[in-house]
Amino acid sequence: MKDFLSPELSNQQQWQLVKQHLEYASRKSLFYQRLFKANDIQVSTIKTEADFRRIPITTKEHLQQQNLDFLAVDYTEIIDHVTTSGTLGNPVNFMLNEADLQRLTYNEYESFMIAGVTKNDVVQITTTLDRRFMAGMAYYLGLRKLGAGIVRTGSGLPGLQWDSIQRFKPKYLVAVPSFLLKLIDFAQQNAIDYRSSSVKGVICIGESLLNEKLEDSALRKRIKDLWDVELFSTYASTEMATAFTECELHKGNHILPNLIYTEILDENGNPVENGEAGELVVTPLQVESMPLIRYATGDMVMRIEENCICGRTSGRIGSVLGRKKQMLKIKGTSLYPQHIQEAMNTLGISDYIIEAKNDEFGNDLVILKISEEVKLSPLEIQLKLRDQLQIKLEIQQLSASVVFQKKFPKESRKPVIFHDLRSI
């Protein structure tokens, strides 16, 4: 296994890793060779953060349209072929060689350590390890390095999940938070004493557990009210190949500065102040196959710079407030789909999707489509959401089967709650 510097490295050590990354990309990546030449950038002249910000942003569109130009190793070296989740469009091909898989292993090892998982624990992975999903492989590799016991159940199948919990007594699950509600519902319907199970904590993926004030989200509160397990938020993506994880204090997700250089930028491309929100732009360090420099994630997050009480000195990010491209403007009010999801969680409603399209004047029209099995009437939901969001949403009822099909399309690896049908 390749050796990595500790996450508690100095700014000078991190900057050295950044410089090495720039030099590597300039030698090996056709995309960055062209980018640097077109913008008259010499890596040797980049000595400060201000110099670094002269490098143009890399976007998902670049990755889609010039995919193989990012490849910095011989194609025959590639071991693992994966794709992004496709949240904002078509999935993008991504490739990893042996060194990248070692880096991915180390990254997830550190992530589980932050959450308090040890080699003495058994962890049940309730997410897929197939379907071109990088994260599933990462969890498995990280737990292997940690020496923990692993139960690979895969996604869905609440009956199998509970059978595995009863058989193998895992202390932790890796799961999407909203799936925990399905596990609880199955347990209640089948007389399973879930509150007395071996599960004490859940490494959560895909959904935010903190709100904008770094307080527990409605989803976290809802789960905790039903099942007293500790929930650890994580945030990652295929392109970053790096996880940001909550410690036991649950006040933001810790950055691994030995693996990733992060910028949180305002609309003008300038760094935001501590406590402010902006778009997360990342430079994953020590990546060999497809190195990225200043990659715009599209995610709006809060910058948290002060040291954590847990003792870690690296910065943190707040939960994802929304996708930059998914911002909605409804009669003068700007919000993200996550705000609607948070409000729906306070009402205890899970069976719905959010659909956005253009009205006849080109303005945003948002329709909340709910299952007919939801107990509250559309009018009751509309009034309660208006109190929370200060806007009136159109609500339509659909059959439970149609809502399920739209929320869990066969080609998707995770629930699709927001459907953006607006023209660009």
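Is Arg294 buried or exposed, and with what relative accessible area? Arg294 is buried, at a relative accessible area of 3%, where buried means under 20% relative accessible area, exposed over 50% and partly exposed in between, with a 1.4 Å probe and protein chains only. The model is predicted, so local features need pLDDT of at least 70 and side-chain atom pairs count only at pLDDT 80 or more, whereas totals for chains, interfaces and linings use all residues. Residues are numbered from 1 along each chain as its sequence is written, and side-chain values use heavy atoms, with hydrogens and water left out.

**The loop between β11 and β12**

- Helices (H or I, at least four residues) and strands (E, at least two) are DSSP runs numbered from the N terminus, and in these terms Arg294 belongs to the loop between β11 and β12.
- Although Arg294 is not a glycine, its phi is positive, at about 55°.
- Gln286 lies in the loop between β11 (277-284) and β12 (295-304), and its phi, near 65°, is likewise a positive value in a residue other than glycine.
- Gln286 is buried, with a relative accessible area of 19%, and a polar atom of its side chain lies 2.9 Å from the backbone oxygen of Asn258.

**The open sheet and its helices**

- An open sheet of 4 strands has the order β19-β18-β17-β20 with mixed pairing, two strands being paired if DSSP finds at least two bridges between them.
- Its edge strands, each pairing on one side only, are β19 (394-398) and β20 (418-420), and the twist averages 25° from one strand to the next.
- Strand β18 (residues 364-371) runs parallel to β19 and is joined to it by 5 bridges; within this part of the sheet, Ile370 stands opposite Gln397 in β19.
- Helix α11 (residues 378-389) packs on the sheet, touching β18 and β19, and its direction makes about 145° with that of β19; axes are lines fitted to C-alpha atoms, for helices over the stretch in contact, and angles run from 0 to 180 degrees between N-to-C directions.
- Helix α12 (residues 400-407) also packs on the sheet, where it touches β17 (352-358), β18, β19 and β20, with its direction at about 70° to that of β17; contact means heavy atoms within 4.5 Å.

**Aromatic pairs**

- The structure holds 13 aromatic pairs; rings of Phe, Tyr and Trp (its six-membered ring) pair if their centres lie within 6.5 Å, and planes under 30 degrees apart count as stacked, over 60 as edge-to-face and the rest as tilted.
- Tyr32 and Phe36 form a tilted pair, 6.1 Å centre to centre with 45° between the planes, and these residues are separated by about one helical turn because they are 4 residues apart in helix α2 (residues 30-38).
- An α-helix has 3.6 residues a turn, so residues three or four places apart point the same way.
- Tyr32 counts as buried at 0% relative accessibility, and Phe36 is buried with a relative accessible area of 4%.
- The rings of Tyr32 and Phe70 have their centres 5.8 Å apart and their planes at 85°, so this pair is edge-to-face.
- Because Tyr32 lies in helix α2 and Phe70 in the loop between α4 (60-65) and β1 (80-83), the pair ties together parts that are 38 residues apart in sequence.
- Ring pairs link Phe31, Tyr32, Phe36 and Phe70 into a cluster.

**Charges over rings**

- The charged end of Lys145 sits over the ring of Tyr109, 4.9 Å from its centre; a charge sits over a ring if NZ of Lys or CZ of Arg is within 6 Å of the ring centre and within 35 degrees of the ring normal.
- Lys407 lies over the face of Tyr352, at 5.8 Å from the ring centre.

- Lys251, in the loop between β8 (244-246) and β9 (253-254), is partly exposed, with a relative accessible area of 41%.
- Leaving aside residues up to four places away in sequence, Lys251 touches Leu210, Leu214, Glu246, Ile304 and Arg316.
- In helix α9 (residues 218-226), the residues Ala218, Leu219, Arg220, Arg222 and Ile223 are buried, and what covers them includes α8 (177-189), β7 (230-235), β8 and α10 (337-346).
- Strand β7 is itself mostly covered, with 5 of its 6 residues buried, and it pairs with β6 (residues 201-204) in the parallel sense over 4 bridges, with Ile203 opposite Phe232 in β7.

Definitions and conventions
A polar contact is a pair of N or O atoms within 3.5 Å; within protein, one must be able to donate a hydrogen and the other to accept it, and residues adjacent in sequence count only if both atoms are side-chain atoms.
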